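I opened this entry to record what I looked up on helix packing, the nonpolar core and the aromatic pairs.

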Amino acid sequence: SGEALLTLIEEILDFSRIEAGKLDINEHEVELAPLIESVVELLAPRAQGKTLEIAAFIAPDLPPVIQTDGARLRQIVMNLAGNAVKFTGTGGVGLRVMKRGAMLAIVIEDTGPGIPAARLEAIFEEFEQADTHTANRHGGSGLGLAISRRLARLMGGDIEVESRVGLGSTFTLTLPLGEAGQAAPVLVQPYERKVLIVGAGPFEGRYLRDYFKASG
């Protein structure tokens, strides 16, 4: 109860700072892979406690270091992935990190209940959730997504969502890579090999496939 109250207070303070224009974005060089991996590691016990798979794919052509506000990026990814774990009952949650032109894209997919089309924009408003039933069952203030989208926009990016009821949701965070985010092209020598990947979960097999393909 104390942790829940502290989280609520921090979210209200963050939201108030954003609304008042008093929240500054502090850009610096950030190592991308360790940041994403730390979020997955923190959420793994919660996911495993629900027998959910949680996996990540970080595209090999991404720069190892990007120019952004690391603390705020971690806050947004933790919020989106944490929500996915919270609201998903079976299956899993996947984080796919890749380049889209000059932008960084972090795609959080889940196999949860999905969000009705009429609620896809409303969930980004303050104190809103997908429906009152999930709010009562899972708790939360309804501020996390509102704060995350506002932070993303302050950082020069945005958050979009696609969802189908019963088939899960996909949240996509896009941010500028920044001047530090330039990587040399990855040169891959193809191998005359075939690999069979067998996995019970919805994401790990696909992500391993993509790592093998990226390796040739």
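For the helix angle I note that axes are lines fitted to C-alpha atoms over the stretch in contact, and that angles run from 0 to 180 degrees between N-to-C directions. The model is predicted.

Entry 1, helix packing. I looked up helix α3 (residues 70–87) against helix α5 (residues 144–154) and found an angle of about 145°, with the axes 10 Å apart. The crossing of α3 past α5 is left-handed. On the α3 side I listed R72, Q75, I76, N79, L80 and N83, and on the α5 side G144, L145, I147, S148, L151 and A152. By class, the residues of this contact are six nonpolar, five polar and one charged.

I found 52 residues in the largest nonpolar core; I36, L73, L95, I106, F171 and L173 have the most contacts inside it. Helix α2 (residues 32–49) contributes the most, with eight residues. I then followed F171: leaving aside neighbours within four places in sequence, its contacts include L80, I106, I123, F124, L145 and E160.

My search of the whole structure returned four pairs. For F124 and F171 the ring centres are 6.3 Å apart and the planes lie at 70°, so I recorded the pair as edge-to-face. F124 sits in the loop between β5 (103–110) and α4 (132–138) and F171 in strand β7 (residues 168–176), so the pair ties together parts 47 residues apart in sequence. F124 and F171 are both buried. I recorded F203 and Y207 as a tilted pair, at 6.1 Å centre to centre and 35° between the planes. F203 and Y207 are buried too. Ring pairs join F57, F203, Y207 and Y211 in a cluster.

Conventions. Residues are numbered from 1 along each chain as its sequence is written. This is a predicted model: local features need pLDDT of at least 70, side-chain atom pairs count only at pLDDT 80 or more; totals for chains, interfaces and linings use all residues. Side-chain values use heavy atoms; hydrogens and water are left out. A nonpolar core is a set of buried Ala, Val, Leu, Ile, Met, Phe, Trp, Tyr and Cys residues joined through side-chain atoms within 4.5 Å. Buried means under 20% relative accessible area, exposed over 50%, partly exposed in between (1.4 Å probe, protein chains only). Helices (H or I, at least four residues) and strands (E, at least two) are DSSP runs, numbered from the N terminus. Contact means heavy atoms within 4.5 Å. A crossing is left-handed if the near helix is turned anticlockwise from the far one by less than a right angle, and right-handed if clockwise. Ala, Val, Leu, Ile, Met, Phe, Trp, Tyr, Cys and Pro count as nonpolar, Asp, Glu, Lys and Arg as charged, and the others, Gly among them, as polar. Rings of Phe, Tyr and Trp (its six-membered ring) pair if their centres lie within 6.5 Å; planes under 30 degrees apart count as stacked, over 60 as edge-to-face and the rest as tilted.
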